[in-house]
Amino acid sequence: MMGDRDFRAIIQSSLDSIGRELEIEIDSKNIRKIHLQEVVRCLRRSYYDRVDPKEIERRGFNELLSGLLRRLQYGSKPKEFALEDIQVKAQADMIVDDSILLFRSANDELENPIADDILYLNACLWIYDKPDGMIIYITGDRRETTFSLTRSKKMFEEVIRRVRVLNSLLKEQKAPILEPSSECSGCQYYERCYTKKKNTKQVSLAEMLGLNKAD
Ligand code: SF4
């Protein structure tokens with residue numbers, strides 16, 4: 001607290017409102033339109049986001065990078081892909097010289113790209129019909145790591161399978177199974193999937209063995 005103003009709360013609420021402004025709009029009632037980002041991450045999380053959403057806590061302006069780029073004049077236009085009666089909607093961050101670019105924030109330089117981002121980029125390559133693309137990770141202190149990708153049919157078929165699964169589970173109002181991954185620890189639905197974390201009392205080994213008790 002500084003004076004009468006809680007600056008931490010002000011920053012958090014600015015982050016939340018900018019984040020909401022930049023988010024891709026999903027009409028939760030329209031289950032015939034599935035957005036690509038819903039199926040490259042945990043399907044259960046995407047399902048909850050549509051049927052019983054809970055706001056996510058944003059941790060920094062760096063997280064807003066991709067949304068900001070999409071809004072700039074050189075950001076790319078969304079594109080849809082028809083899958084019988086389902087439309088799959090994708091949006092690349094940028095298209096330069098026939099290559100698709102995705103920008104993502106990172107805490108550190110990465111050895112390998114994140115699986116969700118590879119699936120997302122690969123699906124964009126098919127939907128926009130482009131041969132290759134790049135994912136550029138940028139850290140808060142402006143270090144960058146770039147990975148390039150040539151499109152793979154097999155990976156795209158997996159995304160299509162997940163689109164069908166999410167669509168039919170939404171139709172049946174059934175939550176998808178858990179997909180345990182590193183995403184879980186930062187997920188707003190953690191407590192719906194796993195039991196609540198309990199605060200346990202710290203007991204030393206000596207105490208357990210009764211070695212510090214007086215004879
Ligand atoms: S906690 Fe994990 S399994 Fe559950 S919805 Fe979130 S990401 Fe999915």
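Good morning. A word on conventions comes before the structure itself. Residues are numbered from 1 along each chain as its sequence is written. Because the model is predicted, local features need pLDDT of at least 70 and side-chain atom pairs count only at pLDDT 80 or more, while totals for chains, interfaces and linings use all residues.

I begin with the overall fold. The chain contains eight helices and seven strands; helices (H or I, at least four residues) and strands (E, at least two) are DSSP runs, numbered from the N terminus. Of its 215 residues, 19% are buried. A residue counts as buried if 20 or more other C-beta atoms lie within 10 Å of its own, as exposed if 12 or fewer do, and as partly exposed in between, with C-beta atoms placed from the backbone.

Let us turn to the core. The largest nonpolar core has 28 residues; such a core is a set of buried Ala, Val, Leu, Ile, Met, Phe, Trp, Tyr and Cys residues joined through C-beta atoms within 7 Å. Residues with the most contacts inside this core include Val39, Ala90 and Tyr120. Among the elements that give two or more residues to the core are helix 2, helix 3 and strand 3 (86-90), and its largest share, seven residues, comes from helix 5. Leaving aside residues up to four places away in sequence, Ala90 touches Leu36, Pro78, Lys79, Phe81, Ala123, Cys124 and Ile127. Contact here requires C-beta atoms, placed from the backbone, within 7 Å.

I close with a strand pair and a loop. Strand 6 and strand 7 (residues 144-150) run antiparallel and are joined by seven bridges; two strands pair if DSSP finds at least two bridges between them. Met134 has Ser148 in strand 7 as its bridge partner. Ser28 lies in the loop between helix 1 (7-22) and strand 1 (33-35). Is Ser28 buried or exposed? Ser28 is exposed because 11 other C-beta atoms lie within 10 Å.

Technical notes
Two residues are in contact if their C-beta atoms, placed from the backbone, lie within 7 Å.
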